[in-house]
Amino acid sequence: MAAKVLLCRGDMLAEGQSRGFDPWCEGRDTVLLVRHGGKVFGWRDACPHHGGTPMAWRKDAYLNADRTRIVCAAHGAQFDIASGLCTLGPCLGQSLQCVDIELSSEQDIYIRRDGGGETEHDKQR
Ligand code: FES
């Protein structure tokens, strides 16, 4: 069984909110979560434009003003929240890297270190 790490309780991520996490103690946020359309999406905090550049312009600030896209603060690339696909900017057509998250029956949000099997993204599609 893959090891999993608690990111946050479900009620700590409201609709339209993003948050960054450092689940493996790397000294900076390496994973971001967004709740959008009632679903939770998890992505690596690593922009595909420049070798995995961190994307938030301040702690937990990953979204555009109307909270419809993930934005990289470095050069303004915009990403679809559900698919991770870059829809505007210098890495157009590239994608964020999906992380394997799991919601418990209490709606707590976990990340699994190892892949394998269906991801939460797959289940929500
Ligand atoms: S590093 Fe993200 S848009 Fe350039």
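**The loop and its sheet**

Guide: Let's start at Cys25, which lies in the loop between E2 and E3; the names come from DSSP runs numbered from the N terminus, with strands (E) of at least two residues and helices (H or I) of at least four. Before going on, some housekeeping: this is a predicted model, where local features need pLDDT of at least 70 and side-chain atom pairs count only at pLDDT 80 or more, while totals for chains, interfaces and linings use all residues. Residues are numbered from 1 along each chain as its sequence is written, and side-chain values use heavy atoms, with hydrogens and water left out.

As for confidence, the protein chain has a mean pLDDT of 91, and 89% of its residues reach 70 or more; pLDDT is the predictor's confidence in each residue, from 0 to 100. One stretch to treat separately is residues 115-119, where pLDDT stays under 50.

Cys25 has a positive phi, near 55°, and it isn't a glycine. Cys25 is also exposed, at a relative accessible area of 71% (exposed is over 50%, buried under 20%, partly exposed in between, with a 1.4 Å probe and protein chains only).

Now the strands on either side of that loop. E2 and E3 belong to an open sheet of three strands, in the order E2-E3-E4 with antiparallel pairing; two strands pair if DSSP finds at least two bridges between them. At the edges stand E2 (18-21) and E4 (39-44), each pairing on one side only. From one strand to the next, the twist averages 20°, taken between N-to-C directions on a scale of 0 to 180 degrees, with axes fitted to C-alpha atoms (for helices, over the stretch in contact).

On one side, four bridges join E2 to E3, and Arg19 stands opposite Leu33 there. E3 and E4 make a hairpin with two residues between them, and Gly37 in the turn has a positive phi of about 60°.

What about burial? Five of the six residues of E3 are buried, so the strand is largely enclosed by the rest of the structure. Of its 16 residues, Leu32, Met55, Ile70 and Phe79 touch the most other members. Take Phe79: its contacts (heavy atoms within 4.5 Å) include Met55, Ile70, Cys86 and Leu96. A second, separate core has 12 residues, among them Trp24 and Val99.

So the picture runs from an exposed Cys25 to a strand, E3, with five of its six residues buried.

Methods
Core = buried A, V, L, I, M, F, W, Y, C linked by side-chain atoms within 4.5 Å. Lists of a residue's contacts leave out its neighbours within four places in sequence.
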